[in-house]
Number of protein chains: 2
Amino acid sequence: MPRFFIAGTNILGGMAYMRGRDAEHVHVLRMRPGEDMIICDGQGTDYKCRLVKADKEQVEAEVVEVVRCPAEPSVKVTILCGLPKGDKTDYIIQKCVEAGADEILFFNSARCIAKKGNEEKKLERWQRISEEAAKQSGRGIIPQVRWAGELAEAFDIAVKKDLALFMYETGEREALNAVLDENRDVSSIAIMTGPEGGFEKFEADLAKIVGMHICSMGERILRCETAPVVALTAAMYATGNLA
Amino acid sequence: MPRFFIAGTNILGGMAYMRGRDAEHVHVLRMRPGEDMIICDGQGTDYKCRLVKADKEQVEAEVVEVVRCPAEPSVKVTILCGLPKGDKTDYIIQKCVEAGADEILFFNSARCIAKKGNEEKKLERWQRISEEAAKQSGRGIIPQVRWAGELAEAFDIAVKKDLALFMYETGEREALNAVLDENRDVSSIAIMTGPEGGFEKFEADLAKIVGMHICSMGERILRCETAPVVALTAAMYATGNLA
């Protein structure tokens, strides 16, 4: 069923009025009066609507039912990634939104080789990728994509969550399995992964000092764009959100 | 540490002799005598070697230690995907190899829109993507990429595994969580996912009749190239292979 976020919609007296990009989209989909669609408020609530009238400028739909969006996970997972090169950011955003992330942040760390600058402009594009993926996968929110800043700022965000996980490829680590199994009831999780070259040892040492769990995902070396999706999926599994 | 598969190598009397593409690669990496590398037999055994001599044509290395490759999961997971369009195949192969798949097969089903034909030529390219991903992630095998044929043939392959899972987006399903939790000790798993449009109902009905578990991964709709990676990661988590 076609799915829209409410930004372009007004809901008044049991009717939804849509303009702009979303109205055009309804037009392009050639939807006809009587067909159903979902308008989501972006806060986890879905308005099931039936189309009454649609042209290129304005769409009118009757609100049939208001329900909690069933696709939202019970746990809020914040993904924090060392900024990678090229379009790996796009991939991370799309897949993490599908897999149930609550928000996705990028940060700068010692081994980042991506060119910085222009983050403002990128943020707009990143947010659009998040919106598209949220629509397509039936999410009840549009996960925010943000620029966290330097590593220390990423730590600051991570340690405020119930469970803060730092993915590291070497040295003394806890098994991700075990850490998640022991923390199935948390309501927020931060997952931090490195850029292409991973993290420096001093970065992992710092993560430990600030109270993060230094975690291993097995002996397979995951690409920087694969690691967040795998860790996020593990968190979804452990908390009963792959059911 | 640089990692090679043994196809281009002869091991004789404690020495490894490498020619062709792999020898060129060592040359390109500018490795010097005394540096370490791993040559893997593709059956899960790693030969840790020390470089003795390298030119563009031939590489000689001393075998220092022979160990079981630590990256190989304890469970063999067969991924079966409805053939998707474009380069989604490449993505599925790369990510599933990283995430620990044992083999990756594509099949034809009712809603496949990808153009068939030329599978032989594609297989060669697909196998190369698998090899690259296996090297990079430190796998002990090069997962085979194969063409399974039609849906019935895919079923035939799936039901021979200890646990056969059919991912479906609607109707009566078991939670993937629950099915995996009850089957943590299996040694082989088949995971079957659909093409872009998913499966037809009759296909899911057939899957049930042949004895597969019809599974749900939650209410989020995953893209056809995301679903196998997420399901595989869940299987790795459940069997203790994300530790």
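Chain A is split into domain 1, covering residues 3-68, and domain 2, covering residues 76-238. Keep in mind that this is a predicted model. The centres of domain 1 and domain 2 of chain A, taken over C-alpha atoms, are 33 Å apart. Where these domains touch, domain 1 of chain A puts in eight residues and domain 2 of chain A puts in six residues. On the domain 1 side of that contact, β1 and β5 of chain A are the elements that give two or more residues. Sorted by class, the domain 1 side has two nonpolar, four polar and two charged residues.

As for chain A as a whole, it holds seven helices and 13 strands. Its C-alpha trace spans about 60 × 40 × 30 Å along the principal axes. Chain A has 243 residues, and 47% of them count as buried. Take the contacts in chain A between residues at least 6 apart in sequence: 77% of these join residues at least 24 apart.

## The six-stranded sheet of chain A

Let's start with a sheet in chain A. Six strands make an open sheet here, in the order β1-β4-β5-β6-β3-β2, and the pairing is mixed. Which strands stand at the edges? They are β1 (3-5) and β2 (9-12) of chain A, and each has a single partner strand, so one side of each goes without a neighbour in the sheet. From one strand to the next, the twist averages 35°.

Helix α1 of chain A, residues 20-28, packs on this sheet and touches β1, β2, β3, β5 (45-54) and β6 of chain A. The direction of α1 makes about 95° with that of β3(A).

Here is how some of the strands pair up:

| Strands | Sense | Bridges |
|---|---|---|
| β1(A) and β4(A) (residues 36-40) | parallel | three bridges |
| β4(A) and β5(A) | antiparallel | five bridges |
| β3(A) (residues 15-19) and β6(A) (residues 58-68) | antiparallel | five bridges |

You can pick out single residue pairs in each case. A:Phe5 has A:Cys40 in β4(A) as its bridge partner. A:Met37 sits opposite A:Cys49 in β5(A). A:Met18, in turn, has A:Val59 in β6(A) as its bridge partner.

The β4(A) and β5(A) pair also forms a hairpin, with four residues between the two strands. In that turn, A:Gly42 has a positive phi of about 80°.

## The seven-stranded sheet of chain B

Now hop over to chain B. Seven strands form an open sheet there, in the order β9-β8-β7-β12-β10-β13-β11, with parallel pairing. The edges belong to β9 (144-150) and β11 of chain B; each has a single partner strand, so one side of each is left without a neighbour in the sheet.

Inside this sheet, β10 (residues 163-167) and β13 (residues 213-216) of chain B run parallel and are joined by three bridges. One pair to look for is B:Met167, which stands opposite B:Cys215 in β13(B). Helix α2 of chain B, residues 88-98, packs on the sheet and touches β7 (76-82), β8 (103-108) and β9 of chain B. The direction of α2 makes about 155° with that of β8(B).

## A closer look at B:Glu174

B:Glu174 is found in strand β11 (residues 174-175) of chain B. Is B:Glu174 buried or partly exposed? With 15 other C-beta atoms within 10 Å, B:Glu174 is partly exposed. Leaving out residues up to four places away in sequence, B:Glu174 touches B:Val179, B:His213, B:Ile214 and B:Cys215. B:Glu174 and B:Ser216 are 42 residues apart in sequence, yet their C-alpha atoms are 6.0 Å apart in space.

## How the two chains meet

Finally, the pair of chains.

How many residues of chain A are in contact with chain B? There are 32, and they meet 32 residues of chain B. On the chain A side, the elements that give two or more residues are α2 (88-99), α3 (119-137), α5 (176-181) and α7 (227-238). The largest share, five residues, comes from α7(A). By class, this side of chain A has 15 nonpolar, eleven polar and six charged residues. Of the interface residues of chain A, 100% are also interface residues in chain B, so the copies meet through the same surface.

Methods. Residues numbered from 1 in each chain as written. Chains lettered and ligands numbered in written order. Predicted model: local features only at pLDDT ≥ 70, side-chain atom pairs only at ≥ 80, totals over all residues. Contact = placed C-beta atoms within 7 Å. Pairing = 2+ DSSP bridges. Axes fitted to C-alpha atoms, helices over the stretch in contact; angles between N-to-C directions. Buried ≥ 20, exposed ≤ 12 C-beta atoms within 10 Å, placed from the backbone. Nonpolar A, V, L, I, M, F, W, Y, C, P; charged D, E, K, R; others polar. Domains from an automatic or database assignment.
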